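Hello,

Here is the structure we talked about passing on. My notes follow below it.

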Amino acid sequence: MFFFRKKEKIKCRYASQWMLFMLLLSGSAVAIAQGRHSAVTPKPNIILILTDDQGIGDIGYLHNPFIKTPHIDSLAMHSTQLSNFYVCPVCAPTRATLMTGRYSIKTGMHDTYNGGAIMDSREVTIAEYLKEKKYTTAIFGKWHLGDNYPFRPVDQGFDESLVFDGGGLAQPGDVANFSRKDSAYFGPVLYSNNIPVKTNQYCSDGFTDGAISFIQQHKKQPFFVYLAFNAPHAPLQVPQKYYDLYRNLDKDMKQAGRELMLPEMNAQNIEAAKRVYGMVTNIDDNVGRIMASLRQEGLLDNTLVIFMSDNGPAQPRFKLGLRGQKASVYEGGIKVPCFFYYKGFKAGKIPETLAGIDVLPTLLDMLDIPAKKGEQQIDGISFLPLLEGRNPGNVMDIFKNRYLFFYWQRGYPEAYRNIAVRKGDYKLVGHTAASSPLSALEVYDIRNDSLETKNILSGHTQVAADLKNAFDKWLSNALESPHLGIQRPILGSDKQPLVILNRNDAKGFPPMWLQENIYGYWDVQVAQSGYYHIKADFLSGFKAAGTMVIRFAPHQVTVDNTDTTTHSITVDKMFIPKGDYRVECWYSKKGGAPVYPFYLVVQRDDYNDTVTKNATGNIF
């Protein structure tokens with residue numbers, strides 16, 4: 001059911017429309033007209049919808065002729081579309097920037113796993129800002145900013161949460177669903193306000209049900225809903241009826257092919273596209289359900305709905321011809337669909353270059369909430385004047401003259417490995433070492449070459465030098481952030497007496513993921529001196545008798561094991577004084593190489609919450 005009057009879907013068959021695509025990409029879309037259209041009502045409800053790995057071309061209103069997204073298309077046509085909106089190349093950093101308005105590295109976020117996807121608890125999130133205005137807040141879906149106290153959503157301003165651990169369902173950090181790699185999206189175990197519960201729906205449907213229920217319960221007070229779908233992220237699990245919609249995609253793509261500038265796609269890529277498109281169409285139906293619920297509850301006129309994705313596509317498929325995909329700082333990795341629906345904003349297109357760091361300051365501007373200073377200094381700029389059509393000339397200059405920085409490496413950002421700097425129409429790209437000469441970098445004129453086909457550095461060396469110097473200064477400043485330190489989950493706290501230390505948060509020699517022979521450890525803080533039960537689970541079990549060592553240096557326990565039928569060993573009681581520790585654990589047979597655990601469960605001795613223990617499989 002459409003929330004708006006049904007509109008004819010934009011089609012692209014094929015060459016006659018491609019010039020329109022290029023005009024849109026080059027930023028020639030007209031900004032909304034001057035003049036304030038309407039004042040922002042006091043305390044509007046806010047719904048932020050974020051999808052996972054949905055690229056710039058994985059949506060109908062941006063001219064994908066294959067995908068079916070009628071609800072999103074209709075909503076977008078009645079919204080303010082941000083034609084040039086940018087995020088980080090990968091998921092967790094984008095989420096940190098959205099929550100804080102700050103570059104992710106400043107928040108402590110320096111990876112998607114390897115212990116680098118834990119945002120410093122001192123960061124002030126959207127939810128915490130809104131609670132100061134008496135909003136009720138909730139998250140449904142993917143958090144990926146820390147799984148244990150004090151980094152969980154409920155520790156960062158959310159009144160209600162329905163989430164999973166780690167960066168994705170069935171990933172190593174998601175202990176509860178890891179064993180169901182081929183079906184985890186169907187009836188996953190989720191954490192409802194920190195209590196694990198077994199669900200019985202497809203994950204996107206369940207997250208939407210949670211959001212609708214929350215809206216209905218809190219419709220008489222201002223609310224903030226963060227609906228963070230984990231689709232269409234891999235594993236690409238999709239309900240059959242949605243997959244069936246794209247059974248002929250092979251034929252359709254072959255017919256469209258070259259005219260749509262599709263990347264080279266093998267059979268595996270096409271199969272992935274079928275699944276991704278099915279997952280996105282499922283999201284589309286759920287967006288339609290959200291909008292229908294707002295209409296039914298009489299909330300449309302006082303609700304801001306934001307729709308966006310977190311990075312480019314993870315697999316090659318239609319992406320408007322843009323270069324690169326997820327993890328790349330080329331346009332295909334960082335340019336995503338985004339629109340704002342609100343009655344005070346005129347439907348239209350804003351061509352200014354905007355970014356994920358700008359969302360939070362824009363919301364604060366709407367609500368007249370002062371931003372934090374000092375260590376919490378926001379990097380983004382409010383684009384509320386553009387949304388409302390106020391004084392766009394001066395505002396346009398602000399966005400044209402600022403620098404935007406993009407980066408992605410495993411670990412910390414480096415000069416100049418997979419980095420980009422944007423100012424105005426020019427973009428500097430680096431895929432080289434810090435010692436390389438300026439000539440090793442790339443410069444593109446995005447307005448006239450949105451596909452980044454022509455490196456114009458030789459004729460724009462001064463532009464390159466300016467952008468390079470700006471990055472050098474930014475990186476030096478960013479790496480001095482006091483929040484870019486060791487993030488320690490807290491063990492033994494009354495807030496979380498039972499803690500699972502998972503592979504997403506494990507540190508060690510990269511990639512510390514599924515590898516059992518790579519050294520890994522966890523940095524933690526023990527809140528209370530006392531006895532603790534510790535269970536170590538090993539992915540492949542034990543092939544021979546041996547010994548296991550658990551160390552909170554200088555405190556250490558060694559356990560002899562002769563049972564080769566199990567995959568876990570429990571230390572019944574280990575006394576650990578209050579303090580900060582590096583937790584190390586390994587198993588080895590005599591003369592053999594050590595094997596490191598898949599996860600650890602640490603429970604305070606006096607903790608006896610049978611509900612949680614049973615829901616996690618009676619882990620002790």
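Start with the cover over helix α3: the buried residues of α3 are covered by elements that include β1, α4 (126-131), β7 (223-228), β8 and α10 (359-367). Contact here means heavy atoms within 4.5 Å. Helices (H or I, at least four residues) and strands (E, at least two) are DSSP runs, numbered from the N terminus. Buried means under 20% relative accessible area, exposed over 50%, and partly exposed in between (1.4 Å probe, protein chains only). Among the buried residues of α3 are Cys91, Pro93, Arg95 and Met99. Just after α3, Gly101 has a positive phi of about 75°.

Some ground rules. This is a predicted model, where local features need pLDDT of at least 70, side-chain atom pairs count only at pLDDT 80 or more, and totals for chains, interfaces and linings use all residues. Residues are numbered from 1 along each chain as its sequence is written, and side-chain values use heavy atoms, with hydrogens and water left out.

Overall shape

The protein chain has 14 helices and 24 strands. A compact globule of 620 residues would have a radius of gyration near 25 Å; the chain has 25 Å, which agrees. That radius is taken over C-alpha atoms, and the globule rule is 2.2 Å times the number of residues to the power 0.38. The C-alpha atoms fill a box of roughly 70 × 60 × 55 Å along the principal axes. Of the 620 residues, 63% count as buried. Among contacts with a separation of 6 or more, 72% are between residues 24 or more positions apart.

Salt bridges

The structure holds 31 salt bridges. The criterion is a side-chain nitrogen of Lys or Arg within 4 Å of a carboxyl oxygen of Asp or Glu.

- Lys326 pairs with Asp53, with the closest N and O atoms 3.1 Å apart. The two sit 273 residues apart: Lys326 is in the loop between β8 (303-309) and α9 (331-334), and Asp53 is in the loop between β1 (45-51) and α2 (70-77). Lys326 is partly exposed at 21% relative accessibility, whereas Asp53 is buried at 2%.
- Asp120 pairs with Arg122, the closest N and O atoms being 2.9 Å apart. Asp120 is buried at 4% relative accessibility; Arg122 is partly exposed at 43%.
- Lys427 pairs with Glu331, with a closest N to O distance of 2.8 Å. Lys427 lies in strand β13 (residues 426-431) and Glu331 in helix α9, so this pair ties together parts 96 residues apart in sequence. Both Lys427 and Glu331 are buried.

There is also a network: salt bridges with shared partners join Asp52, Arg95, Lys142 and Asp310. Arg95 is also one of the buried residues of α3.

A loop residue

Where does Leu479 lie? Leu479 is in the loop between α13 (461-478) and β15 (490-491). Leu479 counts as partly exposed, at 40% relative accessibility. Leaving aside neighbours within four places in sequence, Leu479 is in contact with Ile105, Pro413 and Leu484. Leu479 and Ile105 are 374 residues apart in sequence, yet 7.4 Å apart in space, C-alpha to C-alpha.

Best wishes
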